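Work through the exercises below with the sequence and the 3D view at hand. Try each task before reading its solution.

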Amino acid sequence: ERDLIEYQERQLFEYFVVVSLHKKQAGAAYIPEVTQQFPLKLERSFKFMREAEDQLKAIPQFCFPDAKDWAPIHQFASETFSFVLTGEDGSRRFGYCRRLLPSGKGKRLPEVYCIVSRLGCFNLFSKILDEVEKRRGISPALVQPLMRSVMEAPFPALGRTITVKNFLPGSGTEVIELRRPLDSRLEHVDFESLFTSLSVRHLSRVFASLLLERRVIFIADKLSTLSKCCHATVALLYPFTWQHTYIPVLPPSMIDIVCSPTPFLIGLLSSSLPRLKELPVEEVLVVDLVNNRFLRQMEDEDSILPRKLQAALEHILEQRNELASDKEEGPVNGKQETSPLNEVVSEAFVRFFVEIVGHYSLFLTPTEREERTLQREAFRKAVSSKSLRRFLEVFMETQMFGGFIQERELRKQGVRGEG
């Protein structure tokens, strides 16, 4: 099993598919189907095969969650979006998609090119999809050889660039450079789209709800808006990780998931709203990204975070553009990995967490058996602010907090054990 996982992780992607729309019979709605797949055979263990086959069945619905709304068209500006598949073991795979209109004359239906990978490197896969789109424009037969070259390329280490050579009729052998960023944490994050869709006030309420591991649904009319806003929101939680159901774009056929009693962050297209209203969904924050408003809420969202810290956070976010332009004028660093805006926003949230839990390491004390455990009560009481103590009481019960502390308890032990 371990060899298998290592083998899978040494490849840039696991599989690549083309998804097209078809009708079973005249008058019926369009159904998305995989029309091309690479590699054709999934030569892996039985467990992997079973899971991969299940995922391959689900992929068309993620590529076309709006299949029933389509009709043949003359023009379509290609769009890029992504989805997330969660394996039985909790591991996440990303689906990177480019939806485009195949070349031809007359009205036709779009297709989706989708790369499934364990790597969270959106810019890198976006570049591969640019190459796919370029070749697809010349001839569909050129796509598979490109994907084979990418799959056979050595797996790039963090911060390294690999080159992929591929023949292109008319221009000979092309060299494509693919770079894996040093820190992919903010690499796929577009905070700009989040602020375009939501006011700072609304965003801080969404953030507060996720910290308490509540159920949150984003509604938008574009797949790209949904996937960008979901990924950006999850990035705000760093250094904590969202450990629950996470589906940036939920196909309508799976909408019943929103009735689940467990925490989730889910993105839905606006066309699913009427169906959502009919479902018995309890205690959920429904965020309309198109009109910057809450369609449903619990009414206490504004009193979750400690007031002073919330005000300080919102103040920085309101000034984000001025702060970002100051950063741009700072010392010139040739290797800037993230945009100044991403840095400003991420720093603001990290600072918020430092204020709340930054003192945790002082309360990680070794027991007789050399294990380190958090003195929870002392940790909470060490804070002078009453509202912060109240918040910690609830936040310390979350899986997010538990996972964060557990990781640090173990990390310190590993270091000591080797010494």
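**Exercise 1.** In which strand is S117 found?

Solution. S117 belongs to strand β5, residues 111-117. Strands (E, at least two residues) are DSSP runs, numbered from the N terminus. The model is predicted: local features need pLDDT of at least 70, side-chain atom pairs count only at pLDDT 80 or more, and totals for chains, interfaces and linings use all residues. Residues are numbered from 1 along each chain as its sequence is written, and side-chain values use heavy atoms, with hydrogens and water left out.

**Exercise 2.** Is S117 buried or exposed?

Solution. Step 1: buried means under 20% relative accessible area, exposed over 50%, and partly exposed in between (1.4 Å probe, protein chains only). Step 2: S117 counts as buried because its relative accessibility is 1%.

**Exercise 3.** Which residues does S117 touch, not counting residues up to four places away in sequence?

Solution. With contact meaning heavy atoms within 4.5 Å, S117 touches L12, F13, E14, R93, F94, Y96 and F125, leaving out residues up to four places away in sequence.

**Exercise 4.** In what order do the 5 strands form the open sheet?

Solution. Step 1: the order is β2-β1-β5-β4-β3, with antiparallel pairing; two strands pair if DSSP finds at least two bridges between them. Step 2: β2 (30-38) and β3 (79-86) are the edge strands, each pairing on one side only. Step 3: β1 (residues 15-23) pairs with β5 in the antiparallel sense over 5 bridges. Step 4: Y15 has V116 in β5 as its bridge partner.

Methods. Helix = DSSP H or I, 4+ residues; strand = E, 2+ residues; numbered from the N terminus.
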